[in-house]
Amino acid sequence: PVAHAGVTSVDDGVQGSGPNQFNYTGTWTHCSSGCQSGLYNNTQSWTNSSGGSVSLVFTGTQIQLYGLTNNGSGKGNVQICDQNVANCSTATSVDWYTATEIGNNLIYTSPTLSSGTHSILISWTGTKNASSSAAYVNVDACEGDGADDANLLAADLDHDRRLDPVAELGLRICLHICAEHRKAMVIGTTGHSDEGKSQISS
């Protein structure tokens with residue numbers, strides 16, 4: 001993740017059971033110095049054990065998961081749940097494998113959610129890509145929008161104020177809210193990924 005107005009980034013080292021904190025269950029290893037290169041805030045947390053899971057409670061309409069991907073990583077399940085980490089969605093299998101190592105790599109984007117408090121749950125499965133040498137899963141950071149920002153945006157729309165979203169995630173949130181309020185939006189896509197452009201056009 002990178003810093004953008006209206007977007008909250010949470011490093012894997014922020015631990016606890018409150019909002020915007022990673023709540024780890026089972027056996028995890030946490031690295032805060034001398035870690036792999038390219039990581040968000042130079043930290044990461046990983047597990048390769050049955051029962052390993054981590055959740056994060058957030059308020060907003062979308063969340064993204066970033067991790068370290070390499071040739072020794074496996075597959076994990078990602079679910080979106082309510083604020084109590086219950087009533088979870090059907091698990092999405094996410095593959096942390098890449099042939100070369102990439103830190104701070106975007107590996108999951110949730111669907112657009114109703115405005116409110118939700119949670120993301122990441123679970124170790126012990127499964128892996130046939131090309132991978134191990135089944136580790138890890139967390140580098142999560143990035144999401146904030147409901148307060150969304151409410152401010154809605155208020156701005158009611159007054160026909162100019163919007164200037166920067167991050168792709170923030171832009172998609174703006175698009176969602178503009179559609180809800182039936183407001184037109186002029187969009188510049190210079191610097192956005194092909195995937196981001198595709199989502200905007202759809």
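The model is predicted, so local features are taken at pLDDT of at least 70 and side-chain atom pairs at pLDDT 80 or more, whereas totals for chains, interfaces and linings use all residues. Residues are numbered from 1 along each chain as its sequence is written, and side-chain values rest on heavy atoms, with hydrogens and water left out.

**The sheet**

Begin by selecting β3, β4 and β11, which form an open sheet of 3 strands in the order β3-β4-β11 with antiparallel pairing; strands here are DSSP runs of E with at least two residues, numbered from the N terminus, and two strands pair if DSSP finds at least two bridges between them. The edge strands are β3 (29–31) and β11 (137–139), each of which pairs on one side only. From one strand to the next the twist averages 25 degrees, where axes are lines fitted to C-alpha atoms and angles run from 0 to 180 degrees between N-to-C directions.

Thr47 stands opposite Val137 of β11. Strand β4 (residues 44–47) pairs with β11 over 3 bridges, and 3 bridges also join β3 to β4.

**The core**

Now select Phe22, Leu65 and Ile120, which touch the most other members of the largest nonpolar core, a group of 21 residues; such a core is a set of buried Ala, Val, Leu, Ile, Met, Phe, Trp, Tyr and Cys residues joined through side-chain atoms within 4.5 Å. Among the strands that each supply at least two residues of this core are β2 (22–25), β6 (63–69), β10 (116–127) and β11, while the largest share, 3 residues, comes from β5.

Centre the view on Phe22 and show its contacts (heavy atoms within 4.5 Å): beyond its neighbours within four places in sequence, these include Val10, Val14, Val54, Leu56, Val139 and Cys142.

**A buried glutamine**

Finally, select Gln79, which is found in strand β7. Is Gln79 buried or exposed? Gln79 is buried, with a relative accessible area of 17%, given that buried means under 20%, exposed over 50% and partly exposed in between, with a 1.4 Å probe and protein chains only. The side chain of Gln79 reaches the backbone oxygen of Ser89 at 2.9 Å. Leaving out residues up to four places away in sequence, Gln79 touches Cys88, Ser89, Thr90, Ala91, Ser119, Ile120 and Leu121.

Key: Helix = DSSP H or I, 4+ residues; strand = E, 2+ residues; numbered from the N terminus. Polar contact = N/O pair within 3.5 Å; in protein donor to acceptor, adjacent residues only side chain to side chain.
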